[in-house]
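Please walk through this structure with me, one region at a time. Keep the model in view as you read.

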Amino acid sequence: MSTESELDRELMRRALDLAARGLFTTDPNPRVGCVVARAGRVLGEGWHARAGEPHAEVVALRAAGPGARGATVYVTLEPCSHTGRTPPCADALIAAGVTRVVCSSQDPNPRVAGAGIERLRSAGIEVFVGVLADEARKLNIGFFSRFERGRPFVRLKLAMSLDARTAPASGERRWISGEASRADVQTWRARSSAVLTGIGTVRVDDPKLNVRLEYGPWVRQPLRVLLDTELSCPPRARIFDGGGVLVFGAADVPSSALESLEGVKVERIGRAAGGLDLDAVMRHLAACEVNELMLECGPTLAGAFVSRQLVDELVLYLAPEFLGADAAPLLRIRLGDLAQPLPAYEFRDVQRVGDDVRLILSRKNASLSSRE
């Protein structure tokens with residue numbers, strides 16, 4: 001049985017760098033990178049670009065050519081063992097004649113879940129698992145969340161003033177954060193499987209919630225999700241521009257004109273206190289292969305998600321201004337109505353973005369190893 005070496009870590013870091021190139025494009029597939037090497041010399045490398053195209057292992061093996069025979073392969077996720085949009089990568093590695101495979105972690109997808117590793121070992125290939133596992137997991141945090149918890153990884157984006165307010169008391173439409181922060185938000189949207197908002201935000205701000213970012217030959221637009229309990233959204237709202245929208249409404253609401261909109265799917269679910277059943281929304285989005293969900297909504301809906309223990313990460317943009325006590329708060333939560341304490345968060349990153357400060361906070365003591 002081999003052990004992890006510094007060379008293994010070095011080449012796995014390279015594989016992770018390659019995997020990150022698919023940050024905005026691979027969804028709903030995981031971001032995976034691969035390096036083929038012998039005695040520390042790289043023979044071929046690749047990454048998965050998008051669903052339906054060759055996986056990272058196949059790209060790297062093609063680059064290595066005949067040199068792959070007898071080589072070691074470094075891959076950031078267990079090679080697949082089933083036929084999906086592409087053939088099994090485990091079979092490609094066996095056919096190429098590699099002698100050792102180093103992977104960061106087992107694939108949480110039950111269609112793989114160790115079967116790829118077992119197939120390689122049965123073919124006489126040495127397999128070592130666990131190199132830079134935490135880094136690989138972070139890169140695909142939503143993919144792991146979907147299979148391990150049955151729901152997406154949820155990221156809440158908010159922009160606030162120095163006094164933690166999000167909109168002027170007058171109700172006027174204006175930006176709280178600066179231009180640099182708004183550009184930064186585009187990168188968070190681009191990596192998300194879906195962006196979710198509520199009917200209140202649509203009525204006040206009429207956002208498109210699309211990605212306006214150039215990052216390659218194609219732009220993958222995330223699914224846009226609207227929570228509209230009474231199905232009362234104006235059909236001409238800009239969120240419907242270009243299709244690719246999923247609307248959740250209450251099961252007891254009569255048919256709406258929204259159901260006839262082209263490119264818009266309406267899903268009926270049950271009600272919960274104050275609105276829709278958010279747990280049911282999460283389960284449905286997981287079934288739709290949503291890995292990372294970004295929330296861009298008002299204080300009421302944001303508060304509901306936090307109260308339901310559904311927010312894994314906060315991305316807060318702090319603008320250098322005051323809006324006053326009558327302005328809209330960051331979250332609307334009534335502590336006396338809570339069935340359980342609010343989740344605790346810890347600062348993970350603080351940095352300047354233009355004139356603003358961006359704060360990133362993660363759930364404290366949160367684990368994706370068990371269902372919540």
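In sorting residues by type, Ala, Val, Leu, Ile, Met, Phe, Trp, Tyr, Cys and Pro count as nonpolar, Asp, Glu, Lys and Arg as charged, and the others, Gly among them, as polar. This is a predicted model, in which local features need pLDDT of at least 70 and side-chain atom pairs count only at pLDDT 80 or more, while totals for chains, interfaces and linings use all residues. Residues are numbered from 1 along each chain as its sequence is written, and side-chain values use heavy atoms, without hydrogens and water.

Start with the cavity. The structure holds 1 cavity of 30 Å³ or more. A cavity is a set of points on a 1 Å grid over the protein atoms alone, where a 1.4 Å probe fits but cannot get out; lining residues have an atom within 4 Å of a point. The largest cavity has about 60 Å³ of space, a volume being the space filled by probe spheres set on the points, which are joined across faces, edges and corners. Its lining has 14 residues, and D27, R31, N140, N291 and E292 are the closest to its centre. By type, the lining holds 4 nonpolar, 6 polar and 4 charged residues.

Helix α6 (residues 141-149) gives the most to that lining, with 3 residues. Helices are DSSP runs of H or I with at least four residues, strands are runs of E with at least two, and both are numbered from the N terminus. How many of the 9 residues of α6 are buried? The count is 7, so α6 is largely enclosed by the rest of the structure. Buried means under 20% relative accessible area, exposed over 50%, and partly exposed in between (1.4 Å probe, protein chains only). The buried residues include F143, F144, R146 and R149. Their cover includes α5, β6 (153-160), α9 and β14 (292-295). After α6 comes G150, with a positive phi near 75°.

Now take α9 (residues 278-287), where H284 sits. H284 counts as buried because its relative accessibility is 18%. Beyond its neighbours within four places in sequence, H284 is in contact (heavy atoms within 4.5 Å) with L246, F248 and E267.

A325 lies in the loop between β15 (313-318) and β16 (328-329). At 66% relative accessibility, A325 counts as exposed. A325 and P341 are 16 residues apart in sequence, and 25 Å apart in space, C-alpha to C-alpha.

Methods. On a 1 Å grid over the protein atoms alone, a cavity is a set of points where a 1.4 Å probe fits but cannot get out, and a pocket is an open set with protein on both sides within 12 Å along at least five of seven lines; lining residues have an atom within 4 Å of a point.
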